[in-house]
Amino acid sequence: MVKKNTCVFISGKGSNLKNLIKRSRDYNFPINVKFVISDNINAYGLKYAKQNSIPFLIINTKKRNYENKIINKLNKYHISLVCLAGYMKIISKKFLIKFRKKIINIHPSLLPKFKGLNTYSRVLKFKEKKTGCTVHYVNEKLDSGNVIIKKTFFINLHDDEISLKKRTQSLEYFAFPEAIIKIYSNN
Ligand code: GAR
């Protein structure tokens with residue numbers, strides 16, 4: 001099997017990046033993480049790129065034409081899948097037009113519920129019975145592209161933001177790889 005070259009975008013902790021790198025070592029997993037992009041010079045997750053000798057780029061999204069810099073790298077590394085893993089910037093229309101391959105995102109709620117930020121506090125405020133995570137294709141609208149996979153759990157009386165985050169993220173480590181397998185299971 002020829003693995004798809006993948007770029008992971010991060011902004012912070014990078015635990016999903018770490019997990020995807022680990023899964024990529026499986027012979028049968030359809031992707032290899034070949035490049036990492038961070039919009040945050042202090043992102044903890046950059047450590048996983050360094051530890052695994054994966055080249056990375058730190059971008060300043062305030063600079064004009066920063067998308068061109070990204071596109072050049074994606075072309076250089078023959079990237080055919082972009083995974084947004086805790087990347088907290090909106091993907092610009094310009095980037096979507098220029099990169100015509102697959103872009104997927106993981107979001108810590110059951111989309112279309114609770115798009116955007118501060119997901120856990122809103123889930124609790126609205127007294128949801130269940131929550132979870134969603135992996136979806138990225139389009140020009142925030143957290144609105146076609147869903148690839150969702151994973152759900154029931155909320156306990158004792159859950160708070162910290163426990164919801166922990167429980168959601170432990171599902172994410174299954175959801176993201178499964179979504180990638182699903183994407184490439186038909187082609
Ligand atoms: C993940 O829980 C992901 O769902 C969330 O950021 C976290 C990143 O964790 N993404 C969003 O909220 C995007 N709207 P990580 O850096 O440890 O992978």
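**Cysteines and core**

A search of the whole structure turns up zero disulfides, a disulfide being a pair of cysteine sulfur atoms within 2.5 Å. Cys-7 is in none; the nearest cysteine sulfur, in Cys-83, is 8.6 Å away. Cys-7 is buried, at 0% relative accessible area. Cys-83 is buried too, also at 0%. Buried means under 20% relative accessible area, using a 1.4 Å probe and protein chains only.

A word on the source. This is a predicted model: local features need pLDDT of at least 70, side-chain atom pairs count only at pLDDT 80 or more, and totals for chains, interfaces and linings use all residues. Residues are numbered from 1 along each chain as its sequence is written, and side-chain values use heavy atoms, leaving out hydrogens and water.

Now the core. A nonpolar core is a set of buried Ala, Val, Leu, Ile, Met, Phe, Trp, Tyr and Cys residues joined through side-chain atoms within 4.5 Å. The largest has 36 residues. Val-33, Ile-104, Val-135, Phe-176 and Ile-180 touch the most other members. Helix H6, residues 161–184, gives the most, with eight residues. Helices here are DSSP runs (H or I, at least four residues), numbered from the N terminus.

Take Ile-104. Skipping residues up to four places away in sequence, Ile-104 touches, among others, Cys-83, Val-135, Phe-176 and Ile-180. Contact means heavy atoms within 4.5 Å. A second, separate core has 20 residues, including Ile-79 and Phe-95.

Key:
Buried < 20%, exposed > 50% of the residue type's maximum accessible area, 1.4 Å probe, protein only. Helix = DSSP H or I, 4+ residues; strand = E, 2+ residues; numbered from the N terminus.
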